[in-house]
Amino acid sequence: MVNLRGDQAAGLRRLFSRPRLRIVTFAAGGVGVGKSIAVANLAACLARQGKEVLVVDENTDDSVAAYYGVPVRHDLQQVVHREKSLAEVILSVAPGVRVLPAAKVVKRLASLSAAEQRILVDSLGHIGRPADVVLVDASLDHPLGFSPLGLAAHDTVIVVSPNGAAITDAYALIKKVSLGYSRKNFRILVSKARAASDAQAVYDNIAEVAHSRQLARLDYAGHVPLDESLRQASRLCQPVAGLFPDAPSARAYQSLASALLNWPNGDVDVRGLEHFVQQLLHLSQRLDPTAIYA
Amino acid sequence: MGGADRGLLTTDSESDIVDRGGIYALVGPTGVGKTTTTAKLAARCVLRHGARKLALVTTDGYRIGAHEQLRIYGRILGVSVHLARDAADLRATLQDLQHTHMVLIDTMGMSQRDRLVSEQVAMFGDNDVKSLLLLSATSRGDTLDDVIRAYNGLQNLAGCILTKVDEAASLASSLDVIIRHRLRLYYVSNGQRVPEDLHLPNRPYLVHRAFRDLPETSPHRLAGLEPGLMMASAAANAANAASIVSAGGTQRG
């Protein structure tokens with residue numbers, strides 16, 4: 001039957017005109033591996049490629065906003081409690097990069113009332129300019145054992161630095177999430193690498209063990225070299241790609257940004273941020289922390 | 001009915017051409033839905049395999065807006081659209097596209113009596129292009145016979161696509177023609193919507209519709225003495241032909 005509200009390609013336009021929102025979570029097994037610095041720099045590189053980036057920050061300390069030199073005053077929790085509007089909570093830290101501090105609300109996702117959930121979903125549907133990419137900086141300690149945002153995202157990147165403790169912690173995290181939540185695909189980003197071959201070795205090592213124990217499939221997302229420019233830039237609260245675009249770390253972040261945009265969408269069910277949040281709430285209701293401590 | 005079911009060659013989801021890939025030209029008479037069907041197939045391919053796995057080509061420089069129409073679909077899908085004006089152009093374009101999983105070629109509609117048909121046949125033959133003949137279910141059986149005879153010279157005629165199944169009062173004549181010429185039916189189109197109105201053939205449905213009788217009030221339905229008269233006339237013709245042949249002459253057709 002002809003529906004004159006559109007043309008014959010209306011169905012086609014619906015299928016293909018949607019901006020493809022991509023949601024990537026960054027997690028780590030322990031502190032100090034360079035996760036938040038990676039998220040901050042990656043956001044900057046994606047913005048330089050013309051994307052609108054929203055960083056959802058689950059961390060109270062070492063937050064991404066702090067990396068940009070912007071103090072964090074509010075939290076998404078206050079929006080849910082109707083104390084603040086979303087516009088007051090979201091921070092524009094750089095052109096194309098906005099940060100949503102969500103540390104407090106994420107810890108309480110499972111216990112939100114139905115009304116609070118609805119506010120959460122509605123407000124995230126109205127974040128002004130729609131985002132092209134959402135990066136989640138996951139927190140390490142979580143009452144549920146692992147961030148629900150990490151489970152609901154399309155891709156989860158585990159950041160690891162090339163030392164024994166970090167590698168062990170990363171493996172432990174993968175094991176925990178794989179066994180507890182049946183999440184079997186991760187990407188590995190090796191930061192603070194002295195050489196590409198070292199980073200590759202770290203990845204090969206951890207991927208081999210994870211594969212042989214049939215825990216998870218790990219893809220290599222790349223590495224970020226140890227770089228003095230990166231340290232200088234972070235002391236100046238600037239992304240390294242802006243200050244020192246030719247630095248090895250800047251180049252690494254830029255190619256990681258391009259690669260990220262081309263990662264295949266596992267299930268092509270991308271219907272925007274509200275859908276993601278609904279899935280998130282759904283998941284957080286069902287997560288059973290005892291499963292992973294067993 | 002079993003005979004018709006056995007005689008009807010179709011593809012199924014395992015042999016869907018968008019999965020197997022290749023270069024396919026959609027050919028056929030004017031106004032049967034070649035461009036729209038090209039768009040539907042393109043969408044089918046892109047939805048499964050991504051926009052980079054497909055390229056669109058049109059050889060129709062004659063119809064006003066033909067290239068533009070396909071370009072609009074290409075834009076929506078994120079697929080490149082190329083215009084090939086002649087055989088040399090087509091060869092060069094296909095050479096550029098040799099690593100693409102699937103190439104769909106939309107062609108100019110033409111009367112089966114146009115000598116351009118044989119030129120087109122030659123052009124596609126030279127370039128290893130498989131052809132899909134589009135047949136409208138609303139056409140008369142004798143016209144469809146004519147069309148198929150004109151295109152049967154295509155060495156790479158893979159099969160056919162039956163269009164306007166929603167508009168046809170009966171599917172009997174079109175399915176009869178397809179069965180008799182042993183053409184493989186690849187898809188069936190039942191409407192103008194892109195991409196919704198394109199399907200793999202549903203055999204039970206098609207055969208059922210072919211044998212479903214016309215409504216009682218239809219002037220085309222044979223009633224009363226008419227079936228007898230039709231058969232008697234056919235029998236008389238056959239007897240006449242037989243007597244001519246046995247008398248040593250040739251039967252006029």
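1. Asp176(B) is partly exposed in this predicted model, with a relative accessible area of 37%. Its salt-bridge partner is Arg180(B), at 3.2 Å from N to O. Arg180(B) is also partly exposed, at 46%. Both residues lie in helix H8 of chain B (residues 172-180), four residues apart, which is about one turn of the helix.

2. Some of the salt bridges share partners: Asp16(B), Asp19(B), Arg44(B) and Arg48(B) are joined in this way into one network.

3. One pair within that group of residues is Arg44(B) with Asp16(B), whose side chains meet in a salt bridge at 2.9 Å, N to O. This pair links distant parts of the chain, 28 residues apart. Arg44(B) is in helix H3 (residues 34-49) of chain B, while Asp16(B) is in the loop between strand E1 (9-10) and helix H2 (17-20).

4. Are Arg44(B) and Asp16(B) buried or exposed? Arg44(B) counts as buried because its relative accessibility is 16%, and buried means under 20%. Asp16(B) has a relative accessibility of 1%, so Asp16(B) counts as buried too.

5. The side chains of Asp146(B) and Arg113(B) form a salt bridge at 3.1 Å, N to O. Asp146(B) lies in helix H7 (residues 141-151) of chain B and Arg113(B) in the loop between strand E5 (102-106) and helix H6 (116-126), so the bridge ties together parts 33 residues apart in sequence. Asp146(B) is partly exposed, at 24% relative accessible area, whereas Arg113(B) is exposed, at 68%.

6. As for the total, the count over all chains comes to 18 salt bridges.

Key. Residues numbered from 1 in each chain as written. Chains lettered and ligands numbered in written order. Predicted model: local features only at pLDDT ≥ 70, side-chain atom pairs only at ≥ 80, totals over all residues. Heavy atoms only, no water. Salt bridge = Lys/Arg side-chain N within 4 Å of Asp/Glu carboxyl O. Helix = DSSP H or I, 4+ residues; strand = E, 2+ residues; numbered from the N terminus. Buried < 20%, exposed > 50% of the residue type's maximum accessible area, 1.4 Å probe, protein only.
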